[in-house]
Protein chains: 2
Amino acid sequence: MTAAHDSFLQPVQRSHTAGDFSREEVGLANRNSGMPLEALRHDVTPAGMHFLLIHFDVPFVRSADEWRVELSGCVRNPLSLSVAEIQKLPARTLRVTLECAGNGRANLVPRWQTQPWEYGAVGTAEWTGTPLRHLLERAGLNESAVDIALLGADRGFDAGREHDYGRSLAPALAMDDNVLVAWAMNGSPLPPQNGFPLRLVVPGWYGMASVKWLKRIEVLAESFDGYQQAGNYIYRQKRGEPGVPVSTMRVKSLMAPPGIPDWYTRHRVVEAGPVELMGRAWSGGGVPVANVAVGVDGVWSEAALDPPQGEYAWRGWRYRWDAVLGEHVLQCRATDKNGTTQPLDPPWDNVGFGNNAVHHVHVTVR
Amino acid sequence: MTAAHDSFLQPVQRSHTAGDFSREEVGLANRNSGMPLEALRHDVTPAGMHFLLIHFDVPFVRSADEWRVELSGCVRNPLSLSVAEIQKLPARTLRVTLECAGNGRANLVPRWQTQPWEYGAVGTAEWTGTPLRHLLERAGLNESAVDIALLGADRGFDAGREHDYGRSLAPALAMDDNVLVAWAMNGSPLPPQNGFPLRLVVPGWYGMASVKWLKRIEVLAESFDGYQQAGNYIYRQKRGEPGVPVSTMRVKSLMAPPGIPDWYTRHRVVEAGPVELMGRAWSGGGVPVANVAVGVDGVWSEAALDPPQGEYAWRGWRYRWDAVLGEHVLQCRATDKNGTTQPLDPPWDNVGFGNNAVHHVHVTVR
């Protein structure tokens, strides 16, 4: 290993800041894609408007025919499966809302310097695939199996550590019929940036669990120690704490901003009179949304809920607002069936995970 | 008009800066989408990796059946056409590279505060549609016609001016068989964010000419004075100059970054030994690329060119580099058949249009 390489492995200095954004933060915002909030009008987010968080590079895969998934470790029958073989297993389609664990990070003061999401790192798609358990059952877990690592083809460095992007699932969750090895999104083959040809979809969890470009499954006799499992994606109040792993999504709601925007500020102008405010609300782990309140200048009213769209998909909400002249702040706030309600202010996390504070939209009514 | 609305119409103060990035710049970077540079490996950019610059909101269109295009003004037969009627006109498919006029803006020092593109605001797609001239011929231009305005369904404010996004084409260009009213991208109906159900595609020009969500065509007896034509998208050395309108793309090339990235900095690590560098080069107005030079630490060599993919599509280039240990700067530099070569340093423009300076990629070889 050369000196140059050693020096590269020193992580770049990053910090908390309440100030303007670094070139690196902007580079990540340009590469990764937020869902434009007007896309909340769609029950299912069109591919290309769904959020994208890509840790390393999108792998270049010419054809699904060149892809195999290796399943090894604490199993009776190690497997090497082609995409075609996986597509012969029993398939199902689930409508699933996925949110990036870092969504809302840029709204924390101070924020940790990394992908500076505001509100848009979310989307809902129809994923078609086979339950992961069908692969695991074919391989046959040994009794020594305690964790299942899922590794993608995307490789790079994070905080000085080189690794393939990877996450793990406890065996009970991995055997859940809703955890899919998916090959289609919204009825079409996965787009390259969404994981072509195969990806994991873990409904109810923040997006980091849904490993894209799934290449290897390793059944382990100990807990997976990959960086994205054991180092990153952990709620910590302060750096260096052991912390609590990020897992299911927290209850949250967003509003499709009414009216028309200003290009630079995205401030909204709305015509006076009746306006149908609408948006979406969701929670994690299959917990249903119980209600959504809409705030107009701090006065809260209950929104009507659209019919549910499945256990793991966001739920639409609507509220008729009689818009009167002037400046207004609109908010939305969901509560789930566990009785958990979105906080009014961002919950603190050292690197900005799990910010489910209420969405504010500032509008001028004319 | 209320005082509140008047105050809104005062444009937000923006400025030139060499410093960190504002929250508004980051908000735009999150909403709009750069093409991840690894997507340069694709001849045709998959939908969802093509760049997106959306001035206002993506219109919510339930079905192409609800859409009509109105064609009026200095014509003998004003038209109101459904999408189905337009799809019955003679169709063609063109492979077209589109680049945002503001691509590279964030690499200028100082830069104007708006969408802070670095390199990724480009993409190549196969657009299917009917030449705009078929609509114009059915309407019949009067002799008084001097400009043709094309207006989208996206409406908002820019620099305090409320307008539908709109651009114009001189009649000779509008009658060019390569200027399409397109309904498909890469063989599928346009995704909402790419202009569903109908958009203009003006090959060879920067992307601002290719109006999305095309709703109205107005044949004018004078020059179109819309903000995006007469106020914005004008090369100016200083604010307030009359300037020169932005039109066809300048010669440019990009490199797919070799090796693997660091998450935060996107710095690259490459294995020592032979590496195939590759990328794409293009110019504007149908001018072919003549050659591409590859720079390694300031020493230039000629790259091999892939076969051309059409008059308006980028051209692949390849170069075998024997990577040796250490830190290196890789560059690429295209020259077109007019003899125009990319500059080594960004050409100055007041708001950062037309930056076609050579692409630099910093790598560590291990």
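Two strands are taken as paired if DSSP finds at least two bridges between them; helices (H or I, at least four residues) and strands (E, at least two) are DSSP runs, numbered from the N terminus. The structure is a predicted model, in which local features need pLDDT of at least 70 and side-chain atom pairs count only at pLDDT 80 or more, whereas totals for chains, interfaces and linings use all residues. Residues are numbered from 1 along each chain as its sequence is written, and chains are lettered from A and ligands numbered from 1 in the order in which they are written.

Chain B contains an open sheet of four strands in the order β15-β18-β22-β21, with antiparallel pairing. Strands β15 (252–255) and β21 (304–305) of chain B form the edges, each pairing on one side only. Within this sheet, strand β18 (residues 273–282) of chain B is joined to the antiparallel strand β22 (residues 315–323) of chain B by nine bridges. B:Arg280 lies opposite B:Gly316 in β22(B).

The contact (C-beta atoms, placed from the backbone, within 7 Å) takes 61 residues from chain B and 61 residues from chain A. On the side of chain B that touches chain A, the largest share, seven residues, comes from α2(B).

Terms used
Two residues are in contact if their C-beta atoms, placed from the backbone, lie within 7 Å.
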